[in-house]
Every structure is written in structure tokens, then in C-alpha cells.
Amino acid sequence: MKDSAIGSVVLNPYADALMSLAQSQNLVDEFGSNCADLLELLDESPELNQILASPIVKIADKKAILAKIVTDQIHPFMSNFLMILVDRRRIGYLAGICKRYQAALRDLKGIVLAEVTSAVALTDSQTQSVRDRVQAMTSATSVEIVTKIDPNIIGGVIIKVGSQVIDSSLRAEIRRLGLSIA
């Protein structure tokens, strides 16, 4: 199944349902925080991802594992949502659902996500400069920045906002210089 098909059939409906519940209970921000925590947990533990996605592991075992790991750390409604995902055999899509929820939350709040790739870690002032530039470019109320380190870009930054990419890396400059010489 392609990513867009999975998104429309599985990820979007569950993320929309979670957002609807969050809005009706005034828990939008708390669910956003829960999603961030769950994504961090899944990112740190590939084994947990494999167990949750495995059709061989019994539903009761998956529920027990989730209950031990996350029940005390997340809102009870979110915990119930996870159990519904297990029952419906959709828990393997948890990361995608959480990412879609966070995207919907950013849309709801007028926040823009900027993915910034640099050769070295950015200082606070550099991060603020990128935030100001993206905010001016998009007219967003706020900018959320996700940073990545890639020494292959040599220097400078690559900023990705939605489908727009601003590549002011040294690698790109060298490439453009090489093309103009050729």
C-alpha cells in the first residue's frame, strides 16, 4: 500500500478522531504532548515498534505491554485510544497517527514546521534567526523548528517548510558554481 493510501485509509481517520476527542474535551495540547512522548518512545525503542506491529503477538500481550509502559504517563483518554488501536489491529500505525495529529494541531494553532539541516548544531541566536526568517516568509503565528545535523552539507543551512526548500548550504553553492563553470 502506498503512503498516501495508508494516510487516507488509516492515518487520517484515526488522527481526525483523536483531534475531535481532544477538542471536545479541551485536551488538544495535552494530547499533542502525549503524541510527542509516544513518538519519542517509539523512536528510542525499535523493539517496541516491532512488537506492536507484529501480527504474531497477541492483542492481550500488546495491551499489557502498553499498560506497563505508558498508562501512567499519558491521559486516560489517550490510553483508551491506544487500546482501541490494538483491538482494531492498527497499533502498528501509531507513529503515523501521532505525526498526523501533530500536523493537525499545528494547523489548528497556525504553527509552521520548519525542518532545518545544518553541518553543526545551531546556536540559540542562529535558531532564532531561522525562526524569524521562516515566520516572515510564511506569516505564521509561530514556528516550530526540527533540527538535523548533516556534516555533508559542509556549512550553511537547508530549511524545508512544507514543500518549499531554501538551500543555502555550501554544498549547494559549490554545485551551482560547478554548473555555471561547465
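## Surface patch and pockets

Ile154, Leu170 and Ile174 form a nonpolar patch on the surface, and together they have about 280 Å² of accessible area. Patch residues have over 30% relative accessible area and no salt bridge; nonpolar side chains (Val, Leu, Ile, Met, Phe, Trp, Tyr) are joined within 5 Å, like charges within 9 Å. A salt bridge is a side-chain nitrogen of Lys or Arg within 4 Å of a carboxyl oxygen of Asp or Glu. Areas come from the Shrake-Rupley method with a 1.4 Å probe, and for residues only the protein chains shown count as cover. Ile174 sits in helix H8 (residues 170-181).

This is a predicted model: local features need pLDDT of at least 70, side-chain atom pairs count only at pLDDT 80 or more, and totals for chains, interfaces and linings use all residues. Residues are numbered from 1 along each chain as its sequence is written, and side-chain values use heavy atoms, with hydrogens and water left out.

Now the pockets. A pocket is an open set of points on a 1 Å grid over the protein atoms alone, where a 1.4 Å probe fits, with protein on both sides within 12 Å along at least five of seven lines; lining residues have an atom within 4 Å of a point. Grid points are joined across faces, edges and corners, and a volume is the space filled by probe spheres set on the points.

| Pocket | Volume | Largest share of lining |
|---|---|---|
| Largest | about 360 Å³ | H6, six residues |

Which residues lie nearest the centre of the largest pocket? They are Lys99, Gln102, Arg106, Leu113 and Glu115, out of 13 lining residues. Helices H1 (3-24) and H6 (94-109) and strands E1 (111-118) and E2 (142-149) each give at least two lining residues. The lining holds four nonpolar, two polar and seven charged residues. Here Ala, Val, Leu, Ile, Met, Phe, Trp, Tyr, Cys and Pro count as nonpolar, Asp, Glu, Lys and Arg as charged, and the others, Gly among them, as polar.

Leu39, Glu40, Leu42, Asp43, Ala95 and Lys99 line the second largest pocket. That lining has three nonpolar, no polar and three charged residues.

## The whole chain

The protein chain has eight helices and four strands. Helices (H or I, at least four residues) and strands (E, at least two) are DSSP runs, numbered from the N terminus. Buried residues make up 35% of the 182 residues; buried means under 20% relative accessible area (1.4 Å probe, protein chains only).

Terms used. Buried means under 20% relative accessible area, exposed over 50%, partly exposed in between (1.4 Å probe, protein chains only).
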